[in-house]
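Welcome to a guided tour that you can follow in your viewer.

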Amino acid sequence: MTTAPLAGRLDGLLFFPVTAFAPDGSVDLAAFRAHVRAGVDAGAAAVFACCGTGEFHALTPEEFRDCVAAAVEEAAGRVPVVAGAGYGTALAVQYARLAEEAGADGLLAMPPYLVVPDQAGLLRHYTELAAATPLDVIVYQRDNAILTPDTAVALARTDGVIGLKDGLGDLGLMQRIVSAVRAEGLDLLYFNGLPTAELTGAAYRGIGVTLYSSAVFCFAPDLALAYHRALASGDDATLNLLVDGFYRPLVELRAQGRGYAVSLVKAAVRRGGLDVGEVRPPLSEPAPEHVDALMLLVERGRALLKEAGA
């Protein structure tokens with residue numbers, strides 16, 4: 001853990017590493033360390049360990065703690081490490097404490113498990129989590145955890161809550177949330193958390209949301225960084241080049257199988273030369289032809305950038 005405030009350090013491309021598993025199904029910490037180290041060396045601005053792409057749902061508390069600790073050691077203070085925390089409030093607090101023990105800088109609060117709470121329940125869940133840990137909390141809005149602008153304002157007033165990650169993709173709702181929080185003179189960090197955030201990066205930029213998580217960074221950091229530079233500089237020509245030639249086809253490929261937002265990413269990391277193992281059940285491995293298609297897309301994306309001199 002570093003002493004600098006987390007909110008001031010989340011400025012750049014956010015890396016959500018996969019969690020590596022050995023052939024016997026156990027966590028492979030050596031491969032996970034190599035994956036995290038490569039991402040930080042490549043230019044990641046933060047490591048979000050054991051979150052959605054990292055199969056948080058499939059990890060035991062002990063595995064979670066070991067992976068977060070390994071990420072902290074590999075980051076070595078160069079970039080912050082944020083860990084997932086989820087399920088019901090009691091378990092989310094337990095994961096928060098494990099993350100704190102492991103040296104994390106903050107938490108990504110995943111949606112509560114299974115139930116569909118009302119706004120009062122969501123607010124109570126996140127405020128109790130924030131009160132139970134000194135770690136800064138980013139709330140992940142998606143699925144059964146969708147906030148109204150009023151609830152977002154209440155969370156912005158909550159000590160320890162610093163951000164909102166949007167995995168819903170309702171730009172109208174996000175604009176209302178941003179406006180409502182701003183109108184109260186409050187601040188939150190906002191993140192585009194859609195499975196392939198680059199596809200909607202320009203749209204989110206239009207409402208002031210420039211932070212995002214990049215699954216592509218796991219297996220093609222050069223493409224992810226080229227897109228990020230273009231987004232940050234307003235280079236719409238390069239954005240459109242990558243969206244049309246790489247990211248849109250990628251999203252269409254991802255839609256070919258359930259769980260591909262994780263399993264296809266992990267397979268691409270393996271194809272890139274680092275054996276991070278397969279996904280754990282209930283996820284399944286992607287079809288080999290879809291992995292082949294993804295690797296051809298990566299080659300195409302690189303060729304497009306080279307031709308454009310970007």
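Is Arg280 buried or exposed? Arg280 is buried, because its relative accessible area is 15%. Here buried means under 20% relative accessible area, exposed means over 50%, and partly exposed is in between (1.4 Å probe, protein chains only).

Before moving on, some ground rules. This is a predicted model, in which local features need pLDDT of at least 70 and side-chain atom pairs count only at pLDDT 80 or more, while totals for chains, interfaces and linings use all residues. Residues are numbered from 1 along each chain as its sequence is written, and side-chain values use heavy atoms, with hydrogens and water left out.

**Stop 1: the partner of Arg280**

A salt bridge is a side-chain nitrogen of Lys or Arg within 4 Å of a carboxyl oxygen of Asp or Glu. The pair links distant parts of the chain, 217 residues apart: Arg280 is in the loop between helix H10 (260-271) and helix H11 (288-308), whereas Glu63 is in helix H2. Helices (H or I, at least four residues) and strands (E, at least two) are DSSP runs, numbered from the N terminus. Glu63 counts as buried because its relative accessible area is 17%.

**Stop 2: a cis peptide bond**

Now select Pro281 and Pro282. A cis peptide bond joins Pro281 and Pro282, with omega at about 10 degrees. Pro282 is found in the loop between H10 and H11. Why point this out? Most peptide bonds are trans.

**Stop 3: two helices side by side**

Next, colour helix H2 (residues 61-75) and helix H3 (residues 89-102). Their axes are 8 Å apart, and the helices pack at an angle of about 35 degrees. Each axis is a line fitted to C-alpha atoms, for helices over the stretch in contact, and angles run from 0 to 180 degrees between N-to-C directions. The crossing of H2 and H3 is right-handed, a word used when the near helix is turned clockwise from the far one by less than a right angle.

Which residues meet here? From H2, select Pro61, Phe64, Arg65, Val68, Ala69 and Val72; from H3, select Gln94, Tyr95, Leu98, Ala99 and Ala102. Contact means heavy atoms within 4.5 Å.

Stay on Arg65 for a moment. Arg65 also forms a salt bridge with Asp66, the closest N and O atoms being 3.5 Å apart. Arg65 is partly exposed, at 31% relative accessibility, and Asp66 is partly exposed too, at 34%.

**Stop 4**

How many salt bridges does the structure hold? There are 15. For one of them, select Glu252 and Arg248, whose side chains meet at 3.3 Å, N to O. Both lie in helix H9 (residues 236-254), four residues apart, about one turn of the helix. Then select Arg33, Arg37, Glu73 and Glu74, which are linked in a network of salt bridges.

**Stop 5: a buried valine and its contacts**

Select Val18, in the loop between strand S1 (14-15) and helix H1 (29-42). Val18 counts as buried because its relative accessibility is 1%. Leaving aside neighbours within four places in sequence, its contacts include Phe32, His35, Thr53 and Cys218. Val18 and His35 are 17 residues apart in sequence and 8.0 Å apart in space, C-alpha to C-alpha.

Step across to Thr53, in the loop between strand S2 (46-49) and H2. Thr53 is buried, at 12% relative accessibility.

**Stop 6**

Most residues other than glycine have a negative phi. Now select Cys50, where phi is positive, near 55 degrees, and Glu55, where phi is also positive, about 55 degrees. Cys50 lies in the loop between S2 and H2, and Glu55 has its place in the loop between S2 and H2 as well. Cys50 is buried, with a relative accessible area of 0%, and Glu55 is buried with a value of 0%.

**Last stop: out in the open**

Finally, select Leu114, in the loop between strand S4 (106-109) and helix H4 (119-131). Leu114 counts as exposed because its relative accessibility is 67%.
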